[in-house]
Number of protein chains: 2
Amino acid sequence: MTLEQGRIALDGASPTPLYLQLAESLRGMIRGGAVRVGEALPSERELSAMTSISRVTVRKAIDALLREGLLSRRPGSGTYVAIRIEQPASVLAGFSADMQSRGARPGSVWLEQRVDAPNAEEAAALNCAPGAAVVRMSRVRTADGEPLAIERAVVPATLLPPVGDIGDSLYEALNRRGNRPVRGVQRLQSSLATPQEAQLLDIPVGAAILRIERRSFLANGAPVELTRSAYRGDRYDFVTEVREAAYGG
Amino acid sequence: MTLEQGRIALDGASPTPLYLQLAESLRGMIRGGAVRVGEALPSERELSAMTSISRVTVRKAIDALLREGLLSRRPGSGTYVAIRIEQPASVLAGFSADMQSRGARPGSVWLEQRVDAPNAEEAAALNCAPGAAVVRMSRVRTADGEPLAIERAVVPATLLPPVGDIGDSLYEALNRRGNRPVRGVQRLQSSLATPQEAQLLDIPVGAAILRIERRSFLANGAPVELTRSAYRGDRYDFVTEVREAAYGG
DNA sequence: AAGTGGTCTAGACCACCTC
DNA sequence: AGGTGGTCTAGACCACTTG
């Protein structure tokens with residue numbers, strides 16, 4: 001047995017279910033290195049004895065960590081710390097939240113921020129009149145100070161605070177106005193860096209670029225943004241979870 | 001109660017666990033319209049009584065359908081058939097189905113197909129013993145006769161028909177054995193074509209390549225495949241839908 | 001042969017919503 | 001107040017791998 005019982009602190013009186021408390025403890029130990037990658041966890045029966053909670057509940061905690069990709073089970077053998085810890089961040093998040101969930105510090109260098117009229121494609125995508133006002137935002141997005149992506153967003157002006165109050169996180173600004181997108185469609189494409197992109201991202205012309213076009217929508221279906229981004233191919237990967245087609249569809 | 005007991009056929013002697021049998025029955029009823037969208041399922045205690053299986057096991061079946069997005073639970077109220085979700089191309093489909101949905105004719109040129117032992121990474125990803133048998137499949141995938149991608153799949157041999165009977169669609173072969181993946185995690189990366197890839201895909205060295213690594217899983221969580229693909233960047237884009245974080249587990 | 005995860009049962013109590 | 005899902009227990013048997 002590799003773990004010391006003292007490290008697992010569970011509170012039966014807490015409103016947090018025991019299995020989530022145990023999952024959190026195990027998560028902390030794995031991240032902290034108390035159990036190394038590839039090593040086995042104590043068996044379910046051992047964990048049950050160590051923590052005085054039933055094996056069914058121990059399994060429920062392990063189930064949660066399995067879905068996070070932190071652990072892997074081998075029947076008849078044991079439960080192991082997964083080799084690759086990948087963060088399935090297929091939830092709808094802006095650049096800032098995405099970077100924070102990856103453990104990097106997000107930043108921005110503004111290229112353009114102004115109110116403008118939409119072109120035909122933008123008006124169609126945002127479902128707004130050709131004469132309506134949109135906010136056009138172009139930035140170099142950085143992670144820990146290094147350029148990672150070029151992001152060009154177009155948003156109906158009515159959904160945002162005044163241009164001066166938008167700050168560095170578009171999604172945060174939308175949230176302040178109660179206009180949080182709940183659904184989005186993204187299109188990903190592999191491409192090569194143009195000379196302009198190469199200069200802004202500090203990479204060679206012709207380097208790999210991951211282009212992402214995102215359209216997102218409010219709960220009532222109204223379009224929120226049309227954003228086109230160009231990510232450095234060598235520094236960024238996109239993780240998504242897919243499920244079986246629900247039905248009919 | 002909307003369901004008739006007669007519709008749920010469970011076989012205690014079957015090697016398939018009861019909770020998966022029940023999940024399949026419920027899935028069929030929902031797809032067949034026996035319970036309409038927005039309607040409540042019989043309560044867990046009712047299902048338990050109807051099927052003579054314990055409530056814990058009934059919950060486990062419902063858990064699986066929740067993860068597929070087919071059902072939604074409301075504490076204190078009931079379990080409901082989820083509102084129909086608009087499905088983009090981010091559903092879990094193999095190359096053949098993906099191409100057909102895009103209106104192209106899928107094809108294959110085999111590079112390799114054999115039973116082998118997994119390497120360390122594959123054994124970890126597939127949760128199988130180092131000495132287990134896996135089927136290794138490498139193909140150039142074509143759309144309307146044009147090379148579009150190089151696909152290298154590794155699947156536990158136990159999940160597949162004999163190697164000679166696999167045919168050209170991996171997912172179809174898995175389905176024949178009842179091993180349909182219901183969930184997958186994909187990692188996408190932009191990259192450049194290596195000389196070997198360039199030759200196989202008939203593109204210049206250094207052209208844009210979209211690399212996709214997919215791990216997919218059965219309803220019971222068992223890993224099905226580890227597949228690495230290299231798509232022509234100029235011919236393929238990947239569309240995915242993102243939602244606000246919803247289901248908690 | 002011993003240990004492991006995989007499955008299953010028959011109960012129980014709680015917080016919440018309203019069938 | 002009665003029903004619902006949410007949680008939890010203390011056992012049990014199985015198939016499998018091999019600490």
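Let me begin with a hairpin in chain B, where β7(B) and β8(B) are separated by five residues, and where B:Gly221 in the turn has a positive phi of about 95°. Helices and strands here are DSSP runs, helices being H or I with at least four residues and strands being E with at least two, numbered from the N terminus. This is a predicted model, in which local features need pLDDT of at least 70 and side-chain atom pairs count only at pLDDT 80 or more, while totals for chains, interfaces and linings use all residues. Residues are numbered from 1 along each chain as its sequence is written, chains are lettered from A and ligands numbered from 1 in the order in which they are written, and side-chain values use heavy atoms, with hydrogens and water left out.

On its other pairing, β8(B) meets β5(B), residues 146-156, in the antiparallel sense over six bridges. B:Arg228 in β8(B) is the bridge partner of B:Glu213, and B:Arg228 also stands opposite B:Arg152. Nine of the ten residues of β8(B), residues 223-232, are buried, so this strand is largely enclosed by the rest of the structure, where buried means under 20% relative accessible area, with a 1.4 Å probe and protein chains only.

Now to the DNA. For the bases, an N or O atom in the side chain of B:Arg55 is 3.4 Å from a base nitrogen, and a backbone N or O atom of B:Gly76 lies 3.0 Å from a base nitrogen. The largest share of the surface near DNA strand C, four residues, comes from α3(B), near meaning that a heavy atom of the residue lies within 4 Å.

Finally, α1(A), residues 18-32, has 15 residues and reaches 21 Å from its first C-alpha to its last, close to the 21 Å expected at 1.5 Å a residue, the expected span being 1.5 Å times one less than the number of residues. Its buried residues include A:Tyr19, A:Leu22 and A:Leu26, and just after the helix A:Gly33 takes a positive phi of about 90°.

Terms used: A polar contact is a pair of N or O atoms within 3.5 Å; within protein, one must be able to donate a hydrogen and the other to accept it, and residues adjacent in sequence count only if both atoms are side-chain atoms. Buried means under 20% relative accessible area, exposed over 50%, partly exposed in between (1.4 Å probe, protein chains only). Two strands pair if DSSP finds at least two bridges between them.
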